[in-house]
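User: Hi! Could you walk me through the packing in this model, one question at a time?

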Amino acid sequence: MAVVCSLTMMNAQTSKGPVKLKYPDTRKTETNDTYFGTNVKDPYRWLEDDRSAETAAWVKAENEVTYNYLSQIPFRDALKARLEKLWNYEKISAPFKEGNYTYYTKNNGLQNQSVIYRKDASGKEEVFLDPNTFSKDGTTSLGGLDFSRDGSKVAYSISEGGSDWRKVIIMDAITKKVIEDTLLDVKFSGVSWKGNDGFYYSSYDKPTGSELSAKTDQHKLYYHKLGTSQKEDKVVFGLDQKRRYVGGSVTEDDKYLVISAANSTSGNELYIKDLTKPNSPIITILDNFNSDSYVIENDGEKLFIVTNLNAPNRRVVTTDISNPKPENWKDFIAETENVLTPSNGGGYFFANYMKDAVSVVRQYDHSGKMVREVQLPGVGTASGFGGKKEVKTLYFYFTNYTTPGTIYSYDPQTGKSEIYQKPKVDFNSEDYTSKQVFYTSKDGTKIPMIITYKKGTKLDGKNPTILYGYGGFNASLTPSFSISNAVWLENGGVYAVPNLRGGGEYGKKWHDAGTKLQKQNVFDDFIAAAEYLIANKYTSKDFLAIRGGSNGGLLVGATMTQRPDLMKVALPAVGVMDMLRYHTFTAGAGWAYDYGTAEDSKEMFDYLKGYSPVHNVKKGVQYPATLVTTGDHDDRVVPAHSFKFAAELQEKQTGTNPVLIRIDVNAGHGAGKSVAASIQESVDIFAFTLYNMGIKSLPNLKK
């Protein structure tokens, strides 16, 4: 047997004090790789086989240990009851019009998946699509919903078990009847209709081996014509040009197909095709990967392009389709010192700027004249302002760490906004405060961080604190409200979010400063954030937890192996933990812009091995109490990363701090996770964290 699980009581405490848990025995093999003359052992390579009975038995055994431990935490059930109560409020999305109907999503509170409703001109409401009927256990979710040009037809995608592989179902939107066979094996794709005749979508050939972990690296753009089978779908782009990511979208006037092609998560080629002319050629706009650029809109032959080419903080340019190369671009919204994320709707453009991670929004007309600065309801994150050209009312969403997300309607003619939907959450925002500070990282770089906590909190070093980070892929962490974090704050917890290098908060230069041979900057920024919180007595090492997911899971894994003395609890979720092999799974090679690969050079190999969490767990070290979380159907960051990291920690951990792995079954990287599963995961993470900080009860827990 590869796995032997002790089914005896897993108490972490005895009358004599903490004891070390008994973990499943994980078989080790003599598996080795050689990189530039260096031999690297990989004893848990067998855990990469997600189809083997042995791996399934290991997952079951680990979960038995984990859930047995969690079940003994005295306040776990009370935490769940409070979180369910707090979560149980009606949630409604902004409406959008398709054909003669107005559509919106609604969740009555604890429904596993939100339901799509619609109203006709008379205001009569009906259920249009209920994802809760897709599966009994709520593990099949809605991935996308796209209507044909006149709203008469719809294509929606579903994800089963959290997988990135999707099925696309085509319906008559009026009658709600399925009108064609389901399209299979669609991945990393939206659906973009050409009129009402058909649509474009992207996918890979189904790989040999495991569809959840085998490498996929040639993305293709297809056109599906209604009334034909998927086998007849024509490849529009990607057959002769091998690209890892390809996407296609049709302009609102149905005149052009815009194609983006990339080999990495940063940098793309850009092409356009005239759909009004039969057999028209694909025209090149950008033939290299030196920028991130996309077409946001067109006025006839005039294209509006968002780009960071020669503009690290992004700008909007215009050009004519007759000669769309960069040398003919003209600034429409010029680059500023703040990062730009534009949107368009109602005949206007909206320049959403990020200033020290909070939103400033300016409205422009189609001549490039600034109409006004949009008055936001506070300091936080605003998003939205998008829609079709002819709509009269737009909507935006506003939130921060203490304000539940509220939807506002906006009149682009007058600039007037008013509350459209304010959630009724049992949380008094006035009792809490968010404070932005700037601290100094190891190399002297100033890093912003927002710290949120209950007013009146004593800075005595004894506050349970979660330090959450990401630091990669040009992604920005801006203020947003979380129901789960509300429970943490209610119970005296501090929540801190630094804007680490590698993210996009200060544009391309900030992103690049946390990539490849500069990746250590990200970990140094995170470590310095922890040291700031401790030095200023928000918390201490005995009450500090570090948390992050995906690239943030790597962040936690690297930080806890470099500075295990700095925190009490580590919470790495769906993390990239094996930096020597990440690029061999699914579309992982596309992350090389941020990470580099072990094959690039000896210097890059040495650098990656120097921080790779799986390769830096050492015997004789006391690591913090650790709860690794992942999903067995994660085909973005395959669970083998987490499996191998947990096995290394369990084998080498010194002392009594528990090292557990919680593996969601029929769950993926996170998207589409059911409400029930999300609540239970949050409860288990918080319960584990507080319990390992020595907290035995929560006297302030609301009922």
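Analyst: Buried means under 20% relative accessible area, exposed over 50% and partly exposed in between, with a 1.4 Å probe and protein chains only. Helices (H or I, at least four residues) and strands (E, at least two) are DSSP runs numbered from the N terminus. This is a predicted model, where local features need pLDDT of at least 70 and side-chain atom pairs count only at pLDDT 80 or more, while totals for chains, interfaces and linings use all residues. Residues are numbered from 1 along each chain as its sequence is written, and side-chain values use heavy atoms, with hydrogens and water left out.

User: Which helices and strands do the buried residues of helix 3 pack against?

Analyst: The buried residues include W488 and L489. Contact here means heavy atoms within 4.5 Å. The packing partners are strand 35 (432-440), strand 36 (446-454), strand 37 (465-468), strand 38 (494-498), helix 10 (675-692) and helix 2.

User: Are helix 2 and helix 3 parallel, antiparallel, perpendicular or oblique to each other?

Analyst: The axes of helix 2 (residues 76-87) and helix 3 (residues 483-490) come within 9 Å and cross at roughly 125 degrees. Axes are lines fitted to C-alpha atoms, for helices over the stretch in contact, and angles run from 0 to 180 degrees between N-to-C directions. Angles under 35 degrees count as roughly parallel, over 145 as roughly antiparallel, 65 to 115 as roughly perpendicular and the rest as oblique. Helix 2 and helix 3 are therefore oblique.

User: How many nonpolar residues does the contact of helix 2 with helix 3 have?

Analyst: L79, R82, L83, L86 and W87 in helix 2 meet I483, S484, A486, V487 and E490 in helix 3. Ala, Val, Leu, Ile, Met, Phe, Trp, Tyr, Cys and Pro count as nonpolar, Asp, Glu, Lys and Arg as charged, and the others, Gly among them, as polar. By class, the contact has 1 polar residue, 2 charged residues and, for the class you asked about, 7 nonpolar.

User: How are helix 5 and helix 6 oriented to each other?

Analyst: The axes of helix 5 (residues 520-535) and helix 6 (residues 551-562) come within 10 Å, crossing at roughly 70 degrees. Q520, V522, F523, F526 and I527 in helix 5 meet L555, A558, T559 and Q562 in helix 6. With that angle, helix 5 and helix 6 are therefore roughly perpendicular.

User: Is V574 buried or exposed?

Analyst: V574 lies in the loop between strand 40 (569-573) and helix 7 (592-595). Its phi is near 35 degrees, a positive value in a residue other than glycine. Most residues other than glycine have a negative phi. With a relative accessible area of 10%, V574 is buried.

User: Where is T630?

Analyst: T630 counts as buried at 4% relative accessibility. Leaving out residues up to four places away in sequence, T630 touches V574, P639, S642, F643, I661, R662, I663 and D664. The place of T630 is in strand 41 (residues 625-631).

User: How far apart in space are N132 and T626?

Analyst: N132 sits in the loop between strand 9 (125-129) and strand 10 (140-147). At 25% relative accessibility, N132 counts as partly exposed. N132 and T626 are 494 residues apart in sequence, and their C-alpha to C-alpha separation in space is 33 Å.
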